[in-house]
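Good morning, and thank you for coming. I would ask you to keep the sequence and the structure in view while I speak.

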Amino acid sequence: MAQLDELIHQPLRLKIMAALYAERDRQPVEFSRLKAVTQATDGNLGSHLTALERAGYVEIVKDFVGKKPRTRATVTPVGRKAFRGHVDYLREVVEGVGD
Amino acid sequence: MGVSRTEAAAALSDIEQTTSRSHLSRGYLISGPILMTWGAIWVAGYLATGLKPEWSGAVWLPLDLIGVVASIVLAMRGRSAPGAGAGAAAGLGWRSAIGALAVTAFIVVTFNLFRPVDPQAPVAYPGLICGLVYVIMGVWRMTRFAWIGAAMFVATLIGYRLFPDILPFWMAAVGGGGLMLGGLWMRRA
(Lines give C-alpha, C1' and ligand atoms only; values in the text may rest on other atoms or scores of the structure.)
Protein backbone atom coordinates (compact mmCIF):
# COMPACT_ATOMS: atom_id res chain seq x y z
CA MET A 1 0.00 0.00 0.00
CA ALA A 2 1.24 3.49 -0.95
CA GLN A 3 2.11 6.05 1.73
CA LEU A 4 0.90 9.60 2.34
CA ASP A 5 3.63 12.17 1.65
CA GLU A 6 2.99 14.94 4.19
CA LEU A 7 5.33 17.37 2.41
CA ILE A 8 3.62 17.06 -0.97
CA HIS A 9 0.09 16.97 0.44
CA GLN A 10 0.05 20.70 1.33
CA PRO A 11 -2.29 22.22 -1.34
CA LEU A 12 0.16 24.60 -3.05
CA ARG A 13 3.05 22.11 -2.93
CA LEU A 14 0.72 19.53 -4.49
CA LYS A 15 -0.03 21.96 -7.35
CA ILE A 16 3.67 22.77 -7.79
CA MET A 17 4.53 19.09 -7.99
CA ALA A 18 1.63 18.40 -10.39
CA ALA A 19 2.72 21.28 -12.68
CA LEU A 20 6.37 20.22 -12.67
CA TYR A 21 5.49 16.53 -13.11
CA ALA A 22 3.40 17.45 -16.19
CA GLU A 23 6.56 19.05 -17.65
CA ARG A 24 8.94 16.33 -16.42
CA ASP A 25 10.36 15.45 -19.86
CA ARG A 26 10.81 19.05 -20.98
CA GLN A 27 12.88 22.10 -20.15
CA PRO A 28 12.64 23.46 -16.57
CA VAL A 29 9.54 25.62 -16.01
CA GLU A 30 9.99 29.37 -15.62
CA PHE A 31 8.95 30.86 -12.27
CA SER A 32 6.37 33.21 -13.85
CA ARG A 33 4.73 30.35 -15.75
CA LEU A 34 4.70 28.14 -12.66
CA LYS A 35 3.09 31.01 -10.75
CA ALA A 36 0.32 31.31 -13.37
CA VAL A 37 -0.29 27.55 -13.54
CA THR A 38 -0.41 27.10 -9.76
CA GLN A 39 -2.27 30.42 -9.22
CA ALA A 40 0.14 31.28 -6.40
CA THR A 41 1.67 34.57 -5.24
CA ASP A 42 5.40 35.25 -5.63
CA GLY A 43 6.20 34.87 -1.92
CA ASN A 44 4.12 31.75 -1.42
CA LEU A 45 5.51 30.03 -4.48
CA GLY A 46 9.10 30.89 -3.50
CA SER A 47 8.80 29.55 0.04
CA HIS A 48 7.11 26.29 -1.00
CA LEU A 49 9.60 25.73 -3.82
CA THR A 50 12.40 26.12 -1.29
CA ALA A 51 10.77 23.52 0.97
CA LEU A 52 10.49 21.10 -1.95
CA GLU A 53 14.07 21.81 -2.98
CA ARG A 54 15.31 21.06 0.55
CA ALA A 55 13.54 17.70 0.39
CA GLY A 56 15.31 16.97 -2.91
CA TYR A 57 12.02 16.85 -4.85
CA VAL A 58 12.70 19.93 -6.94
CA GLU A 59 15.77 21.48 -8.51
CA ILE A 60 15.90 25.25 -8.90
CA VAL A 61 17.94 26.55 -11.82
CA LYS A 62 19.03 30.21 -11.78
CA ASP A 63 20.63 31.81 -14.82
CA PHE A 64 20.58 34.91 -16.99
CA VAL A 65 18.89 35.58 -20.33
CA GLY A 66 20.99 38.48 -21.56
CA LYS A 67 21.13 40.67 -18.47
CA LYS A 68 17.79 39.52 -17.09
CA PRO A 69 17.86 36.97 -14.25
CA ARG A 70 15.75 33.87 -14.78
CA THR A 71 14.55 31.31 -12.22
CA ARG A 72 13.32 27.92 -13.37
CA ALA A 73 12.31 24.75 -11.59
CA THR A 74 12.24 21.09 -12.51
CA VAL A 75 11.18 17.94 -10.69
CA THR A 76 14.03 15.57 -9.71
CA PRO A 77 13.88 11.76 -10.10
CA VAL A 78 13.30 11.53 -6.32
CA GLY A 79 10.45 14.06 -6.63
CA ARG A 80 8.86 12.12 -9.51
CA LYS A 81 8.89 8.94 -7.48
CA ALA A 82 7.49 10.70 -4.40
CA PHE A 83 4.74 12.38 -6.44
CA ARG A 84 3.73 9.12 -8.13
CA GLY A 85 3.65 7.42 -4.74
CA HIS A 86 1.48 10.18 -3.28
CA VAL A 87 -0.96 10.05 -6.21
CA ASP A 88 -1.15 6.25 -5.81
CA TYR A 89 -1.94 6.78 -2.11
CA LEU A 90 -4.72 9.29 -2.92
CA ARG A 91 -6.22 6.90 -5.48
CA GLU A 92 -6.15 4.03 -3.01
CA VAL A 93 -7.98 6.18 -0.44
CA VAL A 94 -10.63 7.19 -2.99
CA GLU A 95 -11.05 3.61 -4.18
CA GLY A 96 -11.21 2.38 -0.59
CA VAL A 97 -8.22 0.03 -0.87
CA GLY A 98 -7.37 -1.39 2.55
CA ASP A 99 -10.81 -0.62 4.07
CA MET B 1 -2.07 10.49 9.97
CA GLY B 2 -4.17 9.70 6.91
CA VAL B 3 -6.61 11.69 4.81
CA SER B 4 -10.33 11.20 4.28
CA ARG B 5 -11.82 9.97 1.03
CA THR B 6 -13.28 13.45 0.35
CA GLU B 7 -9.94 15.12 0.96
CA ALA B 8 -8.15 12.62 -1.30
CA ALA B 9 -10.72 13.16 -4.07
CA ALA B 10 -10.29 16.95 -3.79
CA ALA B 11 -6.50 16.58 -3.98
CA LEU B 12 -6.77 14.39 -7.09
CA SER B 13 -9.10 16.95 -8.65
CA ASP B 14 -6.54 19.72 -7.88
CA ILE B 15 -3.83 17.65 -9.55
CA GLU B 16 -6.00 17.12 -12.63
CA GLN B 17 -6.84 20.82 -12.92
CA THR B 18 -3.22 21.90 -12.46
CA THR B 19 -2.05 19.37 -15.07
CA SER B 20 -4.68 20.65 -17.48
CA ARG B 21 -3.60 24.31 -16.90
CA SER B 22 0.01 23.25 -17.41
CA HIS B 23 -0.78 21.64 -20.79
CA LEU B 24 -2.80 24.71 -21.82
CA SER B 25 0.06 27.01 -20.84
CA ARG B 26 2.48 24.86 -22.86
CA GLY B 27 0.08 25.05 -25.84
CA TYR B 28 0.09 28.85 -25.69
CA LEU B 29 3.87 28.90 -25.31
CA ILE B 30 4.23 26.89 -28.53
CA SER B 31 1.44 28.69 -30.45
CA GLY B 32 2.63 32.24 -29.67
CA PRO B 33 5.76 32.24 -31.86
CA ILE B 34 3.89 30.40 -34.65
CA LEU B 35 1.20 33.10 -34.67
CA MET B 36 3.85 35.84 -34.65
CA THR B 37 5.55 34.19 -37.65
CA TRP B 38 2.27 34.16 -39.58
CA GLY B 39 1.77 37.81 -38.59
CA ALA B 40 5.12 38.69 -40.19
CA ILE B 41 4.18 36.66 -43.29
CA TRP B 42 0.86 38.52 -43.57
CA VAL B 43 2.63 41.89 -43.26
CA ALA B 44 5.09 40.96 -46.04
CA GLY B 45 2.44 39.33 -48.28
CA TYR B 46 -0.19 42.03 -48.00
CA LEU B 47 2.36 44.84 -48.39
CA ALA B 48 3.58 43.16 -51.61
CA THR B 49 -0.06 42.72 -52.72
CA GLY B 50 -0.76 46.41 -52.08
CA LEU B 51 2.39 47.70 -53.74
CA LYS B 52 2.53 45.30 -56.70
CA PRO B 53 -0.82 43.52 -57.13
CA GLU B 54 0.49 41.62 -60.18
CA TRP B 55 3.12 39.94 -57.96
CA SER B 56 0.52 38.73 -55.52
CA GLY B 57 0.39 35.08 -56.63
CA ALA B 58 4.15 34.77 -56.96
CA VAL B 59 4.73 36.28 -53.51
CA TRP B 60 2.12 34.41 -51.48
CA LEU B 61 3.10 30.88 -52.54
CA PRO B 62 6.69 31.01 -51.21
CA LEU B 63 5.54 32.98 -48.16
CA ASP B 64 2.95 30.31 -47.31
CA LEU B 65 5.56 27.58 -47.76
CA ILE B 66 7.92 29.46 -45.43
CA GLY B 67 5.05 29.75 -42.93
CA VAL B 68 4.28 26.03 -43.03
CA VAL B 69 7.95 25.02 -42.63
CA ALA B 70 8.46 27.57 -39.82
CA SER B 71 5.31 26.29 -38.06
CA ILE B 72 6.61 22.72 -38.18
CA VAL B 73 10.03 23.73 -36.87
CA LEU B 74 8.59 25.91 -34.07
CA ALA B 75 6.07 23.24 -33.05
CA MET B 76 8.78 20.58 -32.92
CA ARG B 77 11.16 22.87 -31.04
CA GLY B 78 8.46 23.72 -28.52
CA ARG B 79 7.58 20.10 -27.91
CA SER B 80 10.97 18.49 -28.05
CA ALA B 81 13.35 18.82 -25.16
CA PRO B 82 15.80 16.47 -23.52
CA GLY B 83 13.92 13.24 -22.89
CA ALA B 84 10.74 14.25 -24.72
CA GLY B 85 9.26 11.87 -27.27
CA ALA B 86 10.52 12.86 -30.71
CA GLY B 87 7.55 11.05 -32.24
CA ALA B 88 5.04 13.27 -30.44
CA ALA B 89 6.88 16.41 -31.53
CA ALA B 90 7.01 15.26 -35.14
CA GLY B 91 3.30 14.39 -34.97
CA LEU B 92 2.44 17.89 -33.78
CA GLY B 93 4.56 19.41 -36.54
CA TRP B 94 2.88 17.37 -39.23
CA ARG B 95 -0.59 18.09 -37.84
CA SER B 96 0.20 21.83 -37.97
CA ALA B 97 1.45 21.52 -41.54
CA ILE B 98 -1.55 19.50 -42.73
CA GLY B 99 -3.91 21.98 -40.99
CA ALA B 100 -2.24 24.97 -42.70
CA LEU B 101 -2.28 23.22 -46.08
CA ALA B 102 -5.98 22.27 -45.65
CA VAL B 103 -6.91 25.90 -44.91
CA THR B 104 -4.88 27.14 -47.92
CA ALA B 105 -6.48 24.50 -50.19
CA PHE B 106 -9.96 25.42 -48.90
CA ILE B 107 -9.37 29.12 -49.65
CA VAL B 108 -8.09 28.39 -53.19
CA VAL B 109 -10.84 25.88 -54.03
CA THR B 110 -13.78 27.93 -52.73
CA PHE B 111 -12.40 31.01 -54.45
CA ASN B 112 -12.29 29.09 -57.73
CA LEU B 113 -15.80 27.74 -57.23
CA PHE B 114 -17.46 31.07 -56.51
CA ARG B 115 -15.18 33.30 -58.65
CA PRO B 116 -15.99 36.65 -57.01
CA VAL B 117 -16.12 39.68 -59.34
CA ASP B 118 -15.15 42.12 -56.58
CA PRO B 119 -11.32 42.49 -56.80
CA GLN B 120 -11.12 43.10 -53.03
CA ALA B 121 -12.85 39.81 -52.15
CA PRO B 122 -9.70 37.64 -52.53
CA VAL B 123 -7.82 40.09 -50.32
CA ALA B 124 -10.39 39.85 -47.51
CA TYR B 125 -11.28 36.14 -47.83
CA PRO B 126 -8.19 34.63 -46.13
CA GLY B 127 -8.74 36.94 -43.14
CA LEU B 128 -12.30 35.70 -42.72
CA ILE B 129 -11.36 32.01 -43.09
CA CYS B 130 -8.39 32.24 -40.72
CA GLY B 131 -10.56 34.15 -38.24
CA LEU B 132 -13.14 31.35 -38.40
CA VAL B 133 -10.49 28.62 -37.95
CA TYR B 134 -9.03 30.38 -34.89
CA VAL B 135 -12.50 30.81 -33.34
CA ILE B 136 -13.18 27.07 -33.78
CA MET B 137 -9.77 26.20 -32.26
CA GLY B 138 -10.47 28.57 -29.36
CA VAL B 139 -13.90 27.13 -28.67
CA TRP B 140 -12.43 23.63 -28.37
CA ARG B 141 -9.33 24.26 -26.30
CA MET B 142 -7.35 27.49 -26.21
CA THR B 143 -9.75 30.36 -25.52
CA ARG B 144 -7.30 33.06 -26.58
CA PHE B 145 -7.43 31.72 -30.14
CA ALA B 146 -11.19 32.46 -30.16
CA TRP B 147 -10.64 36.13 -29.21
CA ILE B 148 -7.88 36.54 -31.79
CA GLY B 149 -10.02 34.85 -34.47
CA ALA B 150 -13.08 36.98 -33.68
CA ALA B 151 -10.97 40.17 -33.76
CA MET B 152 -9.45 39.14 -37.10
CA PHE B 153 -12.89 38.35 -38.57
CA VAL B 154 -14.35 41.71 -37.49
CA ALA B 155 -11.24 43.70 -38.50
CA THR B 156 -11.29 42.10 -41.96
CA LEU B 157 -14.96 43.02 -42.45
CA ILE B 158 -14.33 46.59 -41.27
CA GLY B 159 -11.45 46.95 -43.74
CA TYR B 160 -13.49 45.43 -46.57
CA ARG B 161 -16.50 47.69 -45.96
CA LEU B 162 -14.86 50.95 -44.89
CA PHE B 163 -11.40 51.00 -46.48
CA PRO B 164 -11.62 49.00 -49.75
CA ASP B 165 -9.08 51.24 -51.52
CA ILE B 166 -6.34 50.46 -49.02
CA LEU B 167 -7.51 46.97 -48.05
CA PRO B 168 -4.13 45.16 -48.59
CA PHE B 169 -2.38 47.74 -46.38
CA TRP B 170 -5.20 47.47 -43.82
CA MET B 171 -4.76 43.68 -43.81
CA ALA B 172 -0.96 44.05 -43.45
CA ALA B 173 -1.29 46.45 -40.50
CA VAL B 174 -4.38 45.17 -38.71
CA GLY B 175 -4.32 41.49 -39.75
CA GLY B 176 -0.54 40.93 -39.72
CA GLY B 177 0.09 43.29 -36.82
CA GLY B 178 -2.85 41.80 -34.94
CA LEU B 179 -1.47 38.28 -35.37
CA MET B 180 1.90 39.39 -34.04
CA LEU B 181 0.29 41.05 -31.01
CA GLY B 182 -1.92 37.99 -30.53
CA GLY B 183 1.16 35.75 -30.58
CA LEU B 184 2.79 37.92 -27.94
CA TRP B 185 -0.38 37.76 -25.82
CA MET B 186 -0.38 33.94 -26.09
CA ARG B 187 3.27 33.63 -25.22
CA ARG B 188 2.64 35.55 -22.01
CA ALA B 189 -0.32 33.37 -20.99
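Let me begin with a definition: two residues are in contact if their C-beta atoms, placed from the backbone, lie within 7 Å. The contact between the two chains takes 21 residues from chain A and 18 residues from chain B. On the side of chain B that touches chain A there are eight nonpolar, seven polar and three charged residues. In this division, Ala, Val, Leu, Ile, Met, Phe, Trp, Tyr, Cys and Pro count as nonpolar, Asp, Glu, Lys and Arg as charged, and the others, Gly among them, as polar.

Two remarks on sources. This is a predicted model, in which local features need pLDDT of at least 70 and side-chain atom pairs count only at pLDDT 80 or more, while totals for chains, interfaces and linings use all residues. Residues are numbered from 1 along each chain as its sequence is written, and chains are lettered from A and ligands numbered from 1 in the order in which they are written.

I turn to chain A. It has five helices and three strands, where helices (H or I, at least four residues) and strands (E, at least two) are DSSP runs, numbered from the N terminus. From that terminus on, the order of elements is α-α-β-α-α-β-β-α. The C-alpha atoms of chain A fill a box of roughly 55 × 25 × 20 Å along the principal axes.

How are the three strands of chain A arranged? They form an open sheet in the order 1-3-2, with antiparallel pairing; two strands pair if DSSP finds at least two bridges between them. Strand 1 (29–30) and strand 2 (58–65) of chain A are the edge strands, each pairing on one side only. Strand 2 is joined to strand 3 (residues 68–75) of chain A by eight bridges, and A:Lys62 stands opposite A:Thr71.

Also in strand 3 of chain A is A:Ala73. Why does A:Ala73 count as buried? Because A:Ala73 has 22 C-beta neighbours inside 10 Å; a residue is buried if 20 or more other C-beta atoms lie within 10 Å of its own, exposed if 12 or fewer, and partly exposed in between. Beyond its neighbours within four places in sequence, A:Ala73 is in contact with residues including A:Leu20, A:Leu34 and A:Val58.

Finally, chain B. The axes of its helix 1 and helix 6 come within 7 Å and cross at roughly 170 degrees. Helix 1 of chain B is therefore roughly antiparallel to helix 6 of chain B. Here axes are lines fitted to C-alpha atoms, for helices over the stretch in contact, and angles run from 0 to 180 degrees between N-to-C directions; angles under 35 degrees count as roughly parallel, over 145 as roughly antiparallel, 65 to 115 as roughly perpendicular and the rest as oblique. Within helix 6 (residues 167–187) of chain B is B:Gly175, which counts as buried because 28 C-beta neighbours lie inside 10 Å.
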